[in-house]
Amino acid sequence: MERRALLSLIAHSATCAIAAAAFVFVAARHVVLSGEFGPVVPFHTTNRLLASTIHSRAGSERLLEVFQSLPEKEPIAVMYHDEGVDTFTAFAVLYFAWPRKVQAFPIKHGNLASQMQALAAAPVSAAFFCGVEPPPGTEPLFRIGKGLSLSTRTTPQPR
Amino acid sequence: MTIVGLLAGFFTLFAAGFGLILLQVGAGARIQLPQACALSWLFGTGVISLLLWLGGMFISGPVLQLGVAAIAIALALAGYFAFKRGQAHFFCPRPRTWVEWLLVAVIVLQCGVMFHVALGYTLGWDGLFNWEIKARYAFLNAGVMPASYYSDETRLMTNPAYPLWIPLTELWLYLWMGEPHQFWIKLLFPIYYVIGAVLLATFASRLTGRRWIGLLAAVLLFFVPCLTNTPGGVQVGYVDVPLGVLYLAGIGLLLLYLQNADPAAWRCAALCIALLPWAKKEGSLLWLVAVICAVGVLWRQRRSWSGLLWLLPGLFIMVAWKAFCISVELTPKHDFATVSFTRLVASLPRLDWIVFRLRGELLDLSHWSIMWPLLLLAFVSLAIRARDLRLLVLFFAIGIPVAVYTGTFFFSDWPDWAAHMDAAIGRLLLHVTPLAWLAIALAMRPPSVQAKISSG
């Protein structure tokens with residue numbers, strides 16, 4: 001009886017040890033331990049991501065500056081390709097646009113022409129183009145970063 | 001000043017929670033310090049986020065912040081006086097062998113690594129556009145979630161219907177720092193990992209009677225790849241890991257209550273369970289499962305059914321949140337169709353793919369290593385060696401959420417419902433991951449000790 005209990009204990013311990021070792025062995029190559037520390041700034045996430053999308057190091061501050069010149073109570077429009085980095089840029093515009101409402105005009109399945117028409121008729125104070133070339137003759141047009149431009153329909157308020 | 005404010009925010013969160021813990025323990029109680037500190041964080045974030053939400057309906061700005069801070073300090077003081085009066089005392093279990101010292105050292109190192117990883121990453125998509133965005137908007141609105149946000153159809157993709165445990169905790173830190181800060185706020189999430197590791201170690205140690213098993217389970221938890229390499233992990237500011245830790249706390253305390261019949265364990269379990277619906281929408285399902293487990297435990301302990309009253313706060317939170325959403329004319333988001341038998345029958349062709357995808361996820365070594373097969377082995381082992389209510393509670397508490405989460409994809413209204421499942425299933429499984437490790441730890445208990453506990 002004692003021998004049986006001892007064998008049972010040995011088998012149990014061996015199983016646990018092998019299982020734990022196997023788990024760690026398989027997991028070790030997939031656990032991610034790297035990361036780039038800093039910079040320690042308030043817009044750490046949005047700056048880093050805007051740096052990779054619109055190639056602007058202080059993209060968050062730039063967007064905030066732009067929004068300070070736009071009326072708070074009027075909505076804005078965002079036109080973007082509904083895939084990849086353009087979607088992130090569009091969401092970043094939405095993030096900083098508060099308290100303004102944001103009308104989205106995603107481009108997909110060849111609806112560019114209809115979306116441009118809808119945008120032209122939209123009652124917005126400004127339109128952001130994320131990865132989309134504004135229609136010819138759009139003025140005034142301000143380039144915020146690579147692939148991000150702004151067209152205002154009201155005169156920007158000086159700060 | 002930002003750092004000073006951040007530390008003040010952390011202090012008030014911890015103080016409120018610690019006071020609440022001290023108010024739960026009975027006279028003469030021995031309070032295990034690591035477990036108490038871990039639960040303090042969960043309770044503190046719950047209390048302060050609820051106070052900000054409710055208080056924000058009446059006041060705002062510095063008055064709101066000072067009012068909530070005053071209540072936090074009052075809770076801490078009330079807890080202190082209750083502790084003194086009841087002559088309870090703290091104890092901190094020290095490692096007894098070199099193996100336990102080594103495991104503790106590894107856990108400390110792993111916690112440090114988690115902080116390093118979290119601070120080295122940006123917030124993820126949901127971390128920024130689902131959770132932190134709410135904290136930012138509330139900060140810009142004098143500490144109160146703007147009512148117009150909920151009915152703003154143009155911000156529907158930020159999920160305004162999601163409850164506010166994490167966003168208002170983030171807001172609390174922003175109020176103390178004086179600004180939204182996307183870098184420092186990331187400290188929140190590895191803290192939840194640390195809490196999870198501490199609770200897993202203490203629960204598993206107490207339930208198995210072997211401290212090294214608890215410590216080993218906490219060490220192994222770190223190696224679940226999903227915790228660091230997927231959207232939903234610790235490093236990207238999602239709520240899934242904190243929710244999993246909260247769920248572990250609730251069910252783990254229930255199991256301790258089942259073992260020791262300690263009323264404080266019951267009360268603390270109930271408070272953790274009450275916070276589940278406040279964390280995320282899926283928390284309502286976890287609340288329901290936890291309540292069913294709690295009813296079973298209460299029945300087994302042959303205790304007065306008045307103990308069920310402690311389970312009501314979670315229901316109040318759900319009802320209050322629902323009423324609030326109706327009052328602010330929340331724009332509904334249609335990720336899922338209405339649940340109906342007709343819809344289920346119509347979606348049956350999805351069954352093959354859903355089962356295939358779930359099996360693929362559970363066996364995905366790059367996400368989970370061999371964790372899920374280990375869990376299956378653990379359940380088989382426990383079923384053979386110790387068929388008791390603890391096994392049933394764990395099986396139910398892990399299995400039902402997995403089954404229901406999988407089943408929801410029959411009702412997915414996404415144009416590409418398969419992509420919906422691809423995007424979500426990994427994160428949903430994180431909700432039961434810490435609890436799965438508690439089950440695995442129980443199965444690691446040596447047979448001879450198992451027989452003694454079962455017969456006792």
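Of the 159 residues of chain A, 43% count as buried. Buried means under 20% relative accessible area, exposed means over 50%, and partly exposed lies in between (1.4 Å probe, protein chains only). This is a predicted model: local features need pLDDT of at least 70, side-chain atom pairs count only at pLDDT 80 or more, and totals for chains, interfaces and linings use all residues. Residues are numbered from 1 along each chain as its sequence is written, chains are lettered from A and ligands numbered from 1 in the order in which they are written, and side-chain values use heavy atoms, with hydrogens and water left out.

## Chain A overall

Chain A has five helices and five strands. Read along the sequence, the pattern is α-α-α-β-α-β-α-β-β-β. Helices (H or I, at least four residues) and strands (E, at least two) are DSSP runs, numbered from the N terminus.

Chain A is more spread out than a compact globule, because its radius of gyration is 26 Å, well over the 15 Å that the globule rule gives for 159 residues. That radius is taken over C-alpha atoms, and the rule is 2.2 Å times the number of residues to the power 0.38. The C-alpha trace of chain A spans about 90 × 40 × 25 Å along its principal axes.

## Strand E5 of chain A

Strand E5(A) covers residues 148-152 and is mostly covered, with five of its five residues buried.

E5(A) pairs with two strands, E3(A) and E4(A). Two strands pair if DSSP finds at least two bridges between them. Strand E3(A), residues 126-130, runs antiparallel to E5(A) and is joined to it by five bridges. Here Ala127(A) stands opposite Ser151(A).

Strand E4(A), residues 141-145, is also antiparallel to E5(A), over four bridges. Arg143(A) faces Ser149(A) across this pairing. Gly145(A) has Leu148(A) as its bridge partner. E4(A) and E5(A) form a hairpin with two residues between them. In the turn, Gly147(A) has a positive phi of about 80 degrees.

## Second largest pocket

The second largest pocket holds about 580 Å³ of space. On a 1 Å grid over the protein atoms alone, a pocket is an open set of points where a 1.4 Å probe fits, with protein on both sides within 12 Å along at least five of seven lines; lining residues have an atom within 4 Å of a point. Grid points are joined across faces, edges and corners, and a volume is the space filled by probe spheres set on the points.

The lining has 24 residues, and Pro34(B), Pro93(B), Ala201(B), Thr202(B) and Leu215(B) lie nearest the centre. Helices H4 (98-119), H8 (188-208) and H9 (211-222) of chain B each give two or more residues to this lining. H8(B) gives the most, with seven.

By class, the lining has 15 nonpolar, four polar and five charged residues. Ala, Val, Leu, Ile, Met, Phe, Trp, Tyr, Cys and Pro count as nonpolar, Asp, Glu, Lys and Arg as charged, and the others, Gly among them, as polar.

## Salt bridges

Side chains of opposite charge can pair when their charged atoms come close. A salt bridge is a side-chain nitrogen of Lys or Arg within 4 Å of a carboxyl oxygen of Asp or Glu.

| Pair | N to O distance |
|---|---|
| Asp82(A) and Lys108(A) | 3.4 Å |
| Asp126(B) and Arg427(B) | 3.9 Å |
| Asp240(B) and Lys280(B) | 2.8 Å |

Asp82(A) forms its salt bridge with Lys108(A). This pair links distant parts of the chain, 26 residues apart: Asp82(A) is in the loop between E1(A) and H4(A), and Lys108(A) is in the loop between E2(A) and H5(A). Asp82(A) is partly exposed, at 33% relative accessible area. Lys108(A) is partly exposed too, at 39%.

Asp126(B) and Arg427(B) meet in a salt bridge. Asp126(B) is in helix H5 (residues 125-140) and Arg427(B) in helix H20 (residues 417-429) of chain B, 301 residues apart. Are these two residues buried or exposed? Asp126(B) is buried, with a relative accessible area of 18%, and Arg427(B) is buried, at 16%.

The side chains of Asp240(B) and Lys280(B) also meet. Asp240(B) lies in helix H11 and Lys280(B) in the loop between H12 and H13 of chain B, so the pair ties together parts that are 40 residues apart in sequence. Asp240(B) and Lys280(B) are both buried.

Salt bridges that share partners also join Lys101(A), Asp152(B) and Arg155(B) into one network.
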